[in-house]
Amino acid sequence: MSKLLTIIISFVAGAIVTSAIAYKAFPNIMIHEIESQYTFEETLENIEVNAKAKGWKVPKKWKVNLHKNMLKVVKVDIGPNTLIKMCEPNAAADILIHNELKRLSSIMPCTISVYVKTDGKTYIGYMNMQILGLLFGEKVEVITDELGPQMDDIVARSATK
């Protein structure tokens, strides 16, 4: 009986520790952050150039200056921070053609954030596309398995000299 109790306690303790680790790690798994070796403006320009080189669309109207908006709306200076929204239109259509996946339009187009932290360095934040594939299943996983590495490459080329 005590052997069984030890096994149960060990299993429960292991589950609790694993859950705590996953809970703490999830934000870093879901959202990638990379320091850019370029200035804020150079990084923004690099992302657009590199995305377009891969066939992604980056319309001018899809850029959001969060810094300017926060100053205007709540009078808080968050520092330079711009969102660049981009789309690989064929992939988006392949997902949105399915009724059960139309809800994913709420996280489209893909968004990359470029911001400066108080350390004065420029950073790029973006969603881990492969996690989306795991969360939403086979049809999405096939597409994110292709686009995730493209997004990683766009960001890496945009941040590294």
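In which loop does Pro109 lie? Select Pro109 in this predicted model: the residue sits in the loop between H4 and S4.

**The H4–S4 loop**

Stay in the loop between helix H4 (89–96) and strand S4 (110–116) and select Lys102. Its relative accessibility is 39%, so Lys102 counts as partly exposed. With residues up to four places away in sequence left out, Lys102 touches Leu96 and Ile97. A C-alpha to C-alpha distance drawn from Lys102 to Ala92 reads 9.9 Å, across 10 residues of sequence.

**The whole chain**

Zoom out and colour by secondary structure. The protein chain has six helices and five strands. From the N terminus on, the order of elements is α-β-α-β-α-β-α-β-β-α-α. Of the 161 residues in the protein chain, 32% are buried. Among contacts with a separation of 6 or more, 65% are between residues 24 or more positions apart.

**Strand S3**

Next, select strand S3 (residues 81–86), which contains Asn81. Asn81 has a relative accessible area of 14% and is therefore buried, the cut-off being under 20%. Show what surrounds Asn81: leaving out residues up to four places away in sequence, Asn81 touches Phe40, Val64, Asn65, Leu66, His67, Ser113, Val114 and Tyr115.

Move on to Thr82, also found in S3. At 10% relative accessibility, Thr82 is buried. Beyond its neighbours within four places in sequence, Thr82 is in contact with Phe40, Leu44, Val64, Asn65, Leu66, Ile112, Ser113 and Val114.

Select Lys75, in the loop between helix H3 (66–74) and S3. Is Lys75 buried or exposed? Lys75 is exposed, with a relative accessible area of 67%. Check its backbone as well: phi of Lys75 is near 60 degrees, a positive value in a residue that is not glycine. Most residues other than glycine have a negative phi, and most peptide bonds are trans.

**The tyrosine pair**

How many aromatic pairs does a search of the whole structure find? The search finds one. To see the pair, select Tyr115 and Tyr123, whose rings are stacked, with 6.2 Å centre to centre and 15 degrees between the planes. Tyr115 is buried at a relative accessible area of 15%, and Tyr123 is buried at 9%.

Lys117 lies over the face of Tyr123, 4.5 Å from the ring centre.

**H5 and H6**

Finish with helix H5 (residues 129–136) and helix H6 (residues 138–159). Their axes come within 7 Å and cross at roughly 175 degrees. H5 and H6 are therefore roughly antiparallel to each other, as angles over 145 degrees are classed that way.

Show the side chains of the contact. On H5, select Met129, Gln130, Leu132, Gly133, Leu134 and Phe136. On H6, select Glu138, Val140, Glu141, Thr144, Asp145, Leu147, Gly148, Pro149, Met151 and Asp152. Coloured by class, the contact of H5 with H6 shows eight nonpolar, four polar and four charged residues.

Key: Residues numbered from 1 in each chain as written. Predicted model: local features only at pLDDT ≥ 70, side-chain atom pairs only at ≥ 80, totals over all residues. Heavy atoms only, no water. Axes fitted to C-alpha atoms, helices over the stretch in contact; angles between N-to-C directions. Helix = DSSP H or I, 4+ residues; strand = E, 2+ residues; numbered from the N terminus. Parallel < 35°, antiparallel > 145°, perpendicular 65-115°, else oblique. Contact = heavy atoms within 4.5 Å. Nonpolar A, V, L, I, M, F, W, Y, C, P; charged D, E, K, R; others polar. Phe/Tyr/Trp six-rings, centres within 6.5 Å; stacked < 30°, edge-to-face > 60°. Buried < 20%, exposed > 50% of the residue type's maximum accessible area, 1.4 Å probe, protein only. Lys NZ or Arg CZ within 6 Å of the ring centre and 35° of its normal.
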